[in-house]
Amino acid sequence: WMYDDECNLIGVGTIKAPSNLINHSCEPSILHHTEENRIVFWACKPIQKGEAVFMTYIDGKSMPFKHR
């Protein structure tokens, strides 16, 4: 899933490693999108030094929690 700078879903794509190595959460701390041949990650909430980061593998905004 790809999001804009305001964490809105803008598309779906196939993302390959190294992003596949990031842990999943339905409440992610980072989001990503692709720019040509790069994957760009950014924080969508504060992340403390030493804290694990999580991204979502699903569209957590439109998928009901019981289906996640």
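In what order do the elements of the chain run from the N terminus on?

1. The elements run β-β-β-β from the N terminus on. The chain has four strands and zero helices; both are DSSP runs numbered from the N terminus, helices being H or I of at least four residues and strands E of at least two.

2. This is a predicted model, in which local features need pLDDT of at least 70 and side-chain atom pairs count only at pLDDT 80 or more, while totals for chains, interfaces and linings use all residues. Residues are numbered from 1 along each chain as its sequence is written, and side-chain values use heavy atoms, with hydrogens and water left out.

3. Strand S3 and strand S4 (residues 38-43) run antiparallel and are joined by six bridges; strands pair if DSSP finds at least two bridges between them. Thr 34 stands opposite Ile 39 in S4. The two strands form a hairpin with two residues between them, and Glu 36 in the turn has a positive phi of about 55°.

4. Ser 25 lies in the loop between strand S2 (9-11) and strand S3 (30-35). Ser 25 counts as buried because its relative accessible area is 19%, where buried means under 20%, exposed over 50% and partly exposed in between (1.4 Å probe, protein chains only).

5. The side chain of Ser 25 reaches the backbone nitrogen of Glu 27 at 3.0 Å. Leaving aside neighbours within four places in sequence, Ser 25 is in contact (heavy atoms within 4.5 Å) with Phe 54, Met 55 and Thr 56.

6. Of the 68 residues in the chain, 29% are buried.

Key
A polar contact is a pair of N or O atoms within 3.5 Å; within protein, one must be able to donate a hydrogen and the other to accept it, and residues adjacent in sequence count only if both atoms are side-chain atoms.
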